[in-house]
Amino acid sequence: MLEQLSIDQPSYLRKDASESTVMAPPTNPNPADSSAKQSLEAGLAALKQQDYPTAIALLESVTQTAANQPSGIRAQMGLVAAYKATGNVKKAIALCSSLAKSPNPQVKTWADRALKELTPPRPPKPPENKPKSAETPAETGFVAFDAGTKSAKKSIEGDRPTADKKTGFLPLEPVVEPGNAKSQPISPPPPPPTSQTSEPENSTETAPETAEISGENSSGSPTDIPGVASPDTYQLTWREAGRTKSPRPLKPLKLLEFRLQAVASAIALFFLARFVLQFLLTNTNSLLVQLYIFTRLPIFAPIQLFYRDPTPFVQMVFGLLLASSPWLIDALLKLFCGIETLRGSVLSKHSKEASRVVRSYCTKQNMPMPVLKLLPLNVPVAFSYGCLPRFARIAVSRGLLEQLTDDEIATIFARELGHISHWDFAPMSLALLVIQIPYLIYWQVAHWQERLCDLMTIEFLRSAVKFVAAAISATSYGIYKLLRWPMLWLSRSRVYFSDRTAAEITGNPNGLTRALSKIAIGIADNIEQQKQTSFFLESFDLLLPVGVGQAVTLGSAALHAPLEQILLWDVSNRERNWLTVNRAHPLLGERLKLLALYAQFWQLETELDLANAGVQEQPRKGKLSPFKSIVEFKDSKLFLQGAPFFGIPMSLAIVGLLWLIGGIFSRTSIWQLDWLWGDRSILWGCLPIGFSIGTLMRINYFFPDIIPRETASPSLPEILSNPDSLPLDAEPVRLEGELLGRSGMSNWLGQDLILQTATGLVRLHYVSRFGYIGSLWPFLFKETTRPSDLIGTSVVATGWLRRGATVAIDLESLRSQGGRVSDSGHPIWSAVLAFAAAFWGAYIIIQGPR
């Protein structure tokens with residue numbers, strides 16, 4: 001039985017004690033052979049260091065001088081890996097085809113396996129008549145924990161709840177009994193054997209040389225080709241790096257600035273919520289006035305209360321939500337998740353250190369013990385909420401307690417204690433409740449319209465109900481997304497503070513690294529099992545330790561490639577900070593790199609090799625002038641990436657120039673242009689015009705032509721490992737897999753579209769060719785297929801790959817195996833938006849000041 005190869009360090013690169021006995025090559029006095037072997041070893045070393053151009057040059061020279069010798073065979077095998085890594089798959093396949101004709105059976109076996117990996121088969125078609133299980137959310141979008149459970153009362157060891165008979169609501173997702181991650185660790189491959197397998201006498205040199213890079217694992221399955229991580233054979237392993245018992249203190253945190261930022265975010269949320277409410281009330285009355293004029297029916301008379309200033313009402317609502325946030329969030333989680341109190345004995349059973357950390361930290365900080373809550377969910381999550389430390393809660397899921405180890409659970413509890421001690425949990429709890437209002441409307445309207453339509457027999461009434469429900473649900477979801485914006489800055493900042501506090505409390509930054517990575521993996525696994533993103537994960541995303549958008553891709557790819565590889569963009573891309581402004585969580589790679597730096601500061605081995613990863617800035621020989629800096633920025637990718645937004649300040653410069661011209665001519669006898677001076681209509685009109693010009697500047701870069709023969713089908717690890725890509729670098733791709741997401745009206749706008757490929761999950765962005773109207777009411781334009789209609793089927797997704805803070809594909813089309821096609825219209829609507837903004841700006845200028 002041949003030795004099992006290691007993915008992290010291929011056997012042909014290993015230099016260990018057993019090599020002298022197993023792989024001892026015979027001496028060869030020939031200088032040419034000696035030179036070939038030196039080039040071979042140098043080429044393999046360059047391949048190991050990912051210096052692919054050097055490796056290819058050296059290995060190709062060996063194949064030319066010793067093509068049929070063992071060193072030449074090894075060089076060809078190494079070239080396969082180098083060609084694969086550089087994207088030259090055709091050459092890799094050609095080499096493998098040549099090696100497959102080798103008389104040596106080991107070389108032939110290796111080549112056959114490599115060919116299969118270089119040309120992966122299509123995913124199998126799912127059965128057409130798949131029966132629905134009892135827990136499938138066919139109509140309501142809710143999933144019961146156990147359809148056969150008699151009582152809704154449960155504990156961590158007891159029964160699972162069913163639907164509440166009074167409300168009709170079901171919990172969000174079932175609690176599947178998972179394998180305990182603590183009792184089933186992933187072990188590394190076994191060490192190589194110390195004895196050599198017998199070979200024929202005439203292959204004394206060839207067999208050892210080729211056995212070094214070919215081989216099978218203990219179960220008889222082939223291992224990876226050199227340098228290529230195969231999704232079928234890669235195994236995620238943890239170093240279990242240690243911790244410090246007496247951590248040296250870090251630099252004190254600047255909590256005053258952070259708390260001012262929290263207050264500013266809450267104030268911004270208040271004014272945005274007031275503006276949204278005022279906008280809704282005003283436009284509702286305008287619509288009623290038009291209906292009243294048209295029908296003359298008194299029921300359409302405008303509501304006088306809507307004309308009043310909503311500021312006092314919004315102030316009262318914000319005050320009540322903040323003061324009652326612990327109990328309101330308790331009620332929400334009880335209604336939809338069946339939350340219960342986490343007993344101290346249960347916590348101690350899973351993590352004695354977590355119990356000790358909570359008690360000792362609260363005593364040290366002289367703050368009350370938070371109330372511990374348990375979520376009966378399989379997904380590993382934790383968050384804190386409340387209005388004051390004495391009313392604070394820390395909620396953890398069953399999945400977190402079962403999938404993390406003792407010390408990892410303790411680091412997560414330490415993170416939440418950091419949120420409470422920093423006081424950022426209070427404004428975040430307020431924000432969570434504010435955004436829950438539109439989110440619950442979106443969710444419940446989509447849910448109840450299906451039940452209501454099932455009870456109706458008149459087609460006209462059913463269509464009217466769907467029409468109104470779709471408008472309300474889509475508008476509510478848009479408001480939910482809008483109200484998140486004021487809190488994104490605070491949400492990102494508080495994560496850095498809590499990670500650092502957890503590392504200081506426990507002295508275990510490596511444990512927190514493993515915990516955050518496992519949470520991301522657990523969230524992705526939960527989405528794969530549920531075949532959708534649960535409403536809980538989306539609505540509580542602001543409070544979770546890891547953002548759901550990041551976890552979808554990174555968590556699924558972590559099972560197919562090393563974490564250092566898939567997090568390379570997070571720590572290396574120069575523009576990454578600009579691309580996180582619309583995200584609630586900072587980049588996971590940056591967070592784990594900071595934890596690695598803490599570990600280095602305390603002289604610990606790091607769990608991941610991220611401490612020294614990142615962009616090495618080249619020192620400038622001289623200071624650039626402002627003009628040269630602007631020119632350099634104008635020629636950069638970042639300028640094109642943000643051209644629609646950078647066009648707005650550019651338009652302000654044009655306004656200033658026009659005002660200056662008007663001011664000059666106002667002091668002369670040329671009165672025809674003095675109206676330009678101080679004309680505010682020019683100011684307001686140029687803003688959308690600048691946005692329009694910027695959008696048109698980047699549209700060709702954003703949506704290059706998709707040519708079927710040149711469309712790539714990269715694996716997810718390949719996508720994630722490119723450190724220089726930006727969303728502007730739109731690579732046309734064609735990926736196959738199963739389409740996941742929510743069904744029904746809750747996904748008519750494409751809110752939850754995920755492609756499950758062989759190497760992980762990828763988000764899909766969709767917009768109808770007729771805009772949101774075409775998504776909500778496709779019958780108006782004779783469109784028959786929405787993406788949500790293809791949920792659960794095998795599809796081919798064609799579109800433009802965007803690599804930013806998250807990975808997503810802007811769809812051009814979705815095609816199912818049954819021939820159903822759903823077309824998307826991203827380029828069309830980018831152009832429509834640009835021209836609409838230009839016409840709007842021109843209209844404002846023509847109207848003049850009012």
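Gln603 lies in the loop that links α22 to α23 (626-634) in this predicted model. The phi angle of Gln603 is near 60 degrees, a positive value in a residue other than glycine. Most residues other than glycine have a negative phi. With a relative accessibility of 71%, Gln603 is classed as exposed, because the cut-off for that class is over 50%. A positive phi is also found at Glu240, a residue other than glycine, where the angle is near 55 degrees. Glu240 belongs to the loop between α7 (206-211) and α8 (255-295). The relative accessible area of Glu240 is 47%, so this residue is partly exposed.

The protein as a whole contains 29 helices and 10 strands. Of its 850 residues, 51% count as buried. Contacts between residues at least 6 apart in sequence were also examined, and 72% of them join residues at least 24 apart.

Helix packing was considered next. Two packed helices are described by the angle between their axes and the distance between the axes. Helix α22 (residues 588-601) packs with helix α17 (residues 509-530) at an angle of about 160 degrees, and the two axes are 8 Å apart. Because angles over 145 degrees count as roughly antiparallel, α17 is roughly antiparallel to α22. The crossing in which α17 passes α22 is left-handed. On the α17 side, the contact is made by Pro509, Asn510, Leu512, Thr513, Leu516, Ser517 and Ala520, which meet Leu588, Arg591, Leu592, Leu595, Tyr598 and Ala599 of α22. By class, the residues of this contact comprise 9 nonpolar, 3 polar and 1 charged.

The contact of α12 with α14 has 10 nonpolar, 1 polar and 4 charged residues. Arg356 is likewise a residue of helix α12. Its relative accessible area is 47%, so Arg356 is partly exposed.

Strand β3 (residues 382-385) includes Ser384. This serine counts as buried, because its relative accessibility is 1% and the class is limited to values under 20%. A polar contact of 3.1 Å joins the side chain of Ser384 to the side chain of Glu416. When residues up to four places away in sequence are not counted, Ser384 touches Arg393, Ile394, Glu416, His419, Ile420, Phe425, Ser429 and Leu543.

Leu430 is located in helix α15 (residues 425-455). At 7% relative accessibility, Leu430 counts as buried. Leu430 and Cys387 are 43 residues apart in sequence, and their C-alpha atoms are 8.1 Å apart in space. Once neighbours within four places in sequence are left aside, the contacts of Leu430 are with Phe318, Leu321 and Leu322.

Thr798 is placed in strand β8 (residues 794-803). A relative accessibility of 13% means that Thr798 counts as buried. Between the C-alpha atoms of Thr798 and Ala712 the separation is 9.8 Å, with the two residues 86 apart along the chain. Residues touched by Thr798, not counting those up to four places away in sequence, are Ile706, Val733, Arg734, Leu811, Glu812 and Ser813.

How values were computed. Residues are numbered from 1 along each chain as its sequence is written. This is a predicted model: local features need pLDDT of at least 70, side-chain atom pairs count only at pLDDT 80 or more; totals for chains, interfaces and linings use all residues. Side-chain values use heavy atoms; hydrogens and water are left out. Ala, Val, Leu, Ile, Met, Phe, Trp, Tyr, Cys and Pro count as nonpolar, Asp, Glu, Lys and Arg as charged, and the others, Gly among them, as polar. Helices (H or I, at least four residues) and strands (E, at least two) are DSSP runs, numbered from the N terminus. Buried means under 20% relative accessible area, exposed over 50%, partly exposed in between (1.4 Å probe, protein chains only). A polar contact is a pair of N or O atoms within 3.5 Å; within protein, one must be able to donate a hydrogen and the other to accept it, and residues adjacent in sequence count only if both atoms are side-chain atoms. Contact means heavy atoms within 4.5 Å. Axes are lines fitted to C-alpha atoms, for helices over the stretch in contact, and angles run from 0 to 180 degrees between N-to-C directions. Angles under 35 degrees count as roughly parallel, over 145 as roughly antiparallel, 65 to 115 as roughly perpendicular and the rest as oblique. A crossing is left-handed if the near helix is turned anticlockwise from the far one by less than a right angle, and right-handed if clockwise.
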